[in-house]
Amino acid sequence: MILTTELPAHAGAIERLLDTAFGPKRKAKTVYRLRRGVAPVADLCMVALDETAPGYSAAQPRLVASIRYWPVMAADGTMTLMLGPIAVAEDYRSAGLGGQLIRASLARAQALGYPSVLLVGDAPYYNRFGFTRQPVLGLKLPGPVELERFLGLEFVPGALSNAHGMLGRVPTRTAAAAEAAAGETGVAKLARPRRRAVR
């Protein structure tokens, strides 16, 4: 099994995996409002590839899992990451691939200087990776969501302590300005990936 950065060539297989995992109506979910028209953070989007799957090879491995991250911004201007979606092929779900992708991608995010991550998911599962309700108590999502499933993780203590208001998409101009200021703070790095964004 290979865990690696997502490439544009993986896009079709990822869409098929997500449709199978979450159904064709997945794009109507609240979190998709934050992703629409915004490119994911290329350095953090990862896939799991199985070279040994029947009918596949090292040259054409089977894509069996995917995780993506997106830049989002609170009403007060605080920028952070939103994890998701993460999906694992049904016949691989007992192999621990989801946890491996989460740990590997979170380690990348922290190493690259990102201060925090948000997600909407099952607390009993995500608590083991450090996600809790406390960091997001001042934040709101643009649509219906079960609040107990809205979680956050701070790599930098207090990174979200003053964040408040509605979460929204990061405007293109804001992203460009943050990239111009890259290196000044961890927040600026949210818009800073140098590789081409994956679609």
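Analyst: The model is predicted: local features need pLDDT of at least 70, side-chain atom pairs count only at pLDDT 80 or more, and totals for chains, interfaces and linings use all residues. Residues are numbered from 1 along each chain as its sequence is written, and side-chain values use heavy atoms, with hydrogens and water left out.

User: In what order do the elements of the chain run from the N terminus?

Analyst: Helices (H or I, at least four residues) and strands (E, at least two) are DSSP runs, numbered from the N terminus. The chain has five helices and nine strands. Their order is β-α-α-β-β-β-α-β-α-β-β-β-β-α.

User: What percentage of the 199 residues count as buried?

Analyst: Buried means under 20% relative accessible area, exposed over 50%, partly exposed in between (1.4 Å probe, protein chains only). By that cut-off, the buried share of the 199 residues is 46%.

User: Is Tyr126 buried or exposed?

Analyst: Tyr126 forms an edge-to-face pair with Tyr125, at 5.0 Å centre to centre and 90° between the planes. Rings of Phe, Tyr and Trp (its six-membered ring) pair if their centres lie within 6.5 Å; planes under 30 degrees apart count as stacked, over 60 as edge-to-face and the rest as tilted. Tyr125 is partly exposed at 28% relative accessibility. Because its relative accessibility is 10%, Tyr126 counts as buried.

User: Which residues form one aromatic cluster?

Analyst: Tyr126 also pairs with Phe129, tilted, at 6.3 Å centre to centre and 55° between the planes. Phe129 is buried, at 12% relative accessibility. The cluster consists of Tyr125, Tyr126, Phe129 and Phe131.
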